[in-house]
Structures are given as C-alpha cells and as structure tokens.
Amino acid sequence: MPQPLNPADPDFARNPYPYYARLRAQGPAARVELANGSHAWLVTGYRQAREVLADPRFSNVPPRGAGRPKPDSAAQRARGLLARHMLNTDAPDHTRLRRLTVAAFTPRRMDALRPRIERLTAGLLDRLTGRLAQDGTADLVDAFAFPLPVLVIGEVLGVPEADRDALREWTYRVGSPADALEPGAVDDAWQRLHAYFAGLIGDKRRAPGEDLFSALVQDVPEGGLDDGELLAMAFLLLFAGYETTMNLLASAALLLLTHPGQAELARRGGDGHWTAVVEEALRHASPLEGTTWRRTVEPVDLGGGVEIPAGASVLVVLAAANRDPEWFTEPDAFRPERYLGGPEKAAPHAAFGHGPHFCLGARLARLEAAVALPMLFDRLPDLALAAPPRQLPYRPGLLVRGPRRLPVRRGPLTLPQGRATASAS
Ligand code: HEM
C-alpha cells in the first residue's frame, strides 16, 4: 500500500523527519501517494541514497512532455529553453557539459570570491544592525540569508549590481506557484529571465569580465558550450545557487540561535569550529530536502524485496539519508563536534548529493557560510529569536527546505517559549 504524503502540509514542511524515519524502517525504498494522486518512490537510507545517485539506471532526463513549451506561449518557450541544463541530462551529454563547466569553476576562481563575499556580508550586516536599532526586530531571511546568495550569484554571473534586484525579483516569481502572484507575473518573469541571460551572453562575448560566467563563455575549446547551453547554465547557476544557500544560512542561523552554547563554542573555537558548524548544519537541516527527480529506465531490484518498475518516479531524500541512525549517532541532535575530527569521525553527509551530479557549487556554498555565519554572530553576539521556533513557517514541497521567516531581535540570550527540539529545528 502506498503511504499518503502531502508536501504542502505545514507541519510536514516544518518537521518531515518522523515521516521519513518510518519510511526508512520499511526498507530501501517506499512507495508514496502524493496529494495530487501521483505515485513515487522515496529512498531514505544513507547507503541506498548514494547507490541510487551513482546508478545510471536512474535517469535525470525529465519524462517527455514535462515542462515542454506549449507552441503558442512565449513564456512556456522561454521556460523550456532555460530547463535544458545539465541537471536535466544523463551521460554522455551530462559528461560533456560537466567537463566544460568544471574547467571554468576552478577552486582558485571560487576562492577569489572571498573578499567580495566579506564586503557584501558587511554591507548587509550594516543594514541589519540599523534596522534592529530602529525597529527592534528584523527578519533574518529577508535581511541576510536571502540577499547574500543572490548577490554572490550576481558575482558569479558577472551581473551589474544595478540589475541584481531585478534578478532577485524574477527568480522569486518563477519559483512561486502561478496562483500565488498576480496573473501573468510568473510568465512575465520567465520571459524577462530568458531575455536577460541572452543579452548577458552577448555582453560577455564582447567584453568578458573576471567572473566565472565570462570564463564559461570565453573558455570555449573545440565543442564548448553553445548559446543555448550557456543560457540554461546561467539559469541553473542562479536557481541551484541561491535558494539552497539561502536555506543553509537560515537553518544554520536558526540552529545556532536555538543552541546558544554551540554559537558560543564556535565564536571561541575559530575557523575549524565554524567549518564543523557548517557541515553539521548541512547534515542536520539539509537545504535540499530531496534531489531532483529521477526516473527508472528499467526495473531495478534494490534488495529487501523492493523492485522499482521501469518508468517510475524516484526521489532520493537527502534530508532523510543524513539522519540515518545506522550512519550517524544521535542523528536528530545538532552536534557540530561530530565534524571536528576527534575520535568520533562522522560519515560525510550527503547534502551536496553524490555521483555524477554532485553539487558543482559545494565549495562556494561552504565558503559563503564559513564567511557569513561568523561575521553575523561576531557582529551581533546578542542576537536572539523573536518568535517561538515551533511557529516558524517552512517552505512547502519536497525539494528545498528552510524557514521562510526568521524574526530576530537583540537582547539577552533567553530563548522564547517553545524552544525547538533537535528534531524540529
Ligand atoms: C548549501 C548550498 C547548496 C546545496 C545544499 C546544494 C546541493 C546540491 C545537490 C544535492 C545537487 C545534486 C542534485 C541532484 O543530484 O539532483 C546539486 C547540483 C548542482 N549544484 Fe548545488 N547546492 C548548493 C549550492 C550551489 C551553488 C552555490 C551553486 C553554484 C554556484 C550550485 C550549483 C550546482 C550545479 C550547477 C549543480 C548540477 C550539477 C550537475 O548536474 O552535474 N550549487 N547541488
């Protein structure tokens, strides 16, 4: 019998872990029935998650017809073109796209962004401090976790600063359900994003900058990325890079605000401790709850009496794999010390995926968090939550996970009523 699953349920969005734990106990994969009536298989164990992500029988190519442009709509056409990116491909197409992209995303180029990230963070913290002084409270998602990754992706893409607000607005709109905004707003944003990136590629060809995207446009050995691939790549970087990192910053800040002792240890412990905090936040509050959907190209026997038929939709739930008790002791507890390299050496978390599609921006995401979190807590050591953690709204859905709002204030380190339990935060 498939298990019912309603990803729009606010309680599930806030704390999906007990549900996933039940599925994990049932076997290597469980069949669920989503609220819209469709069926899917969820993989929740750590070992099985990694096996599935490395197995070519699980394809990343969306089924024919999904997200395809309707011939009569410019917005749908734009959307279809932007969706032709490497996360939606399998080998050998994926291998070629990935090779060319990795060549531009060198560690040196990513590390060179550190001073810019520091300056952008300092600017946001100036404004946050001012707002807290003026209003008494502020939303940490709106003032810090959301704008920083958008600004950093702006650096990666070499987008002029004046255009970043518009990019932020369009990205927000295309990530929202069409009925949540005024009619036509989502379609309009697809077209604007498409037109903007087409223009950007032309600009980079004429006048390349120091940014990573210029390197992708310019470093074109024989058979490099064509304009269509560059367009989709710009979109993928924007989409893969901002909401994930936003959730990491927001969830890590929430964990530290609800575990003030850990915040204090990190502030005293320096860089090594902050690295451990970031790794543990990635494990404990995986910003990408599930990977993108996979589809079986043939029947797959996962053992334990579970055979997934051909053509089935499969979701690898990273948030669940990262709390597998067979791999992580006290999986629901936030314990950065497990990544401090002491006698307890935890397994690497799976928050950046595994196999051929392993996150291309992992180094950059870690860098952003390792710069921004210490700056936040050094500048505002008395930062405190201004709402009970159990009442914070979470984004619905199975793809990304993180608090949508994080009201904070300055004040003594007392927790508001309803302190988050380890599993809920
Ligand atoms: C905390 C932040 C981030 C997390 C948790 C994260 C996580 C992931 C995961 C799990 C995947 C694999 C998805 C799948 O297999 O379906 C992925 C892929 C990818 N990520 Fe990230 N990501 C983050 C930040 C970034 C950033 C900052 C960038 C770019 C600057 C980026 C670029 C990409 C790209 C291009 C892919 C596709 C790789 C491929 O298909 O080969 N990510 N990410």
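**Strands, ligand and loops**

Mentor: Strand β11, residues 407-410, is joined to β5 by three bridges, and the two run antiparallel. Keep in mind as we go that this is a predicted model.

Trainee: Okay, and which residue stands opposite Pro407 of β11?
Mentor: That's Asp139.

Trainee: What is the strand order in that sheet?
Mentor: The order is β5-β11-β10, an open sheet of three strands with antiparallel pairing. The edges are β5 (137-139) and β10 (383-385); each has a single partner strand, so one side of each is left without a neighbour in the sheet. From one strand to the next, the twist averages 40 degrees.

Trainee: Remind me, what do strands of a sheet pair through?
Mentor: Backbone hydrogen bonds, and the pairing can be parallel or antiparallel.

Trainee: What about the sheet of six strands, what order does that have?
Mentor: It reads β1-β2-β3-β9-β6-β4, again an open sheet, with mixed pairing. Here β1 (3-5) and β4 (58-59) stand at the edges with a single partner strand each, so each has one side left without a neighbour in the sheet.

Trainee: Zooming in on β6 and β9, how many bridges join them?
Mentor: Two bridges, linking β6 (residues 294-296) with β9 (residues 313-316), and these strands run antiparallel. Arg294 is the residue opposite Val314 in β9.

Trainee: And β7 with β8, how many residues lie between them?
Mentor: Two residues, and the pair forms a hairpin. Gly304 sits in the turn with a positive phi of about 60 degrees. The strands, β7 at residues 300-303 and β8 at residues 306-308, run antiparallel and are joined by three bridges. Gly303 has Val306 of β8 as its bridge partner.

Trainee: Switching to the ligand: how many residues surround it?
Mentor: There are 28, and the closest are His94, Arg98, Thr292, His357 and Cys359.

Trainee: Which polar side-chain atoms lie by an oxygen atom of the ligand, say for His94, Arg98 and His357?
Mentor: For His94, a polar side-chain atom is 2.6 Å from a ligand oxygen atom. For Arg98, the distance from a polar side-chain atom to an oxygen atom of the ligand is 2.7 Å. His357 also places a polar side-chain atom 2.7 Å from an oxygen atom of the ligand.

Trainee: Which helices supply at least two residues of the shell?
Mentor: Those are α5 (93-104), α13 (227-258) and α17 (362-379). With seven residues, α13 gives the most to the shell around the ligand.

Trainee: What's the make-up of that shell by class?
Mentor: It has 17 nonpolar, nine polar and two charged residues.

Trainee: Now cavities. How many are there of 30 Å³ or more?
Mentor: The count comes to two.

Trainee: Last topic, the backbone. Which residues does a cis peptide bond join?
Mentor: Ala91 and Pro92, with omega at about 5 degrees. Pro92 is in the loop between α4 (74-82) and α5.

Trainee: And which residue other than glycine has a positive phi near 45 degrees?
Mentor: Glu330 does. You'll find Glu330 in the loop between α16 (318-321) and α17.

Trainee: Great, thanks for the tour!
Mentor: Any time!

Notes
Residues numbered from 1 in each chain as written. Predicted model: local features only at pLDDT ≥ 70, side-chain atom pairs only at ≥ 80, totals over all residues. Heavy atoms only, no water. 1 Å grid on protein atoms, 1.4 Å probe; cavity = no way out; pocket = protein on both sides within 12 Å on 5 of 7 lines; lining within 4 Å. Points joined across faces, edges and corners; volume = space filled by probe spheres on them. Near = heavy atom within 4 Å. Polar contact = N/O pair within 3.5 Å; in protein donor to acceptor, adjacent residues only side chain to side chain. Helix = DSSP H or I, 4+ residues; strand = E, 2+ residues; numbered from the N terminus. Nonpolar A, V, L, I, M, F, W, Y, C, P; charged D, E, K, R; others polar. Pairing = 2+ DSSP bridges. Axes fitted to C-alpha atoms, helices over the stretch in contact; angles between N-to-C directions.
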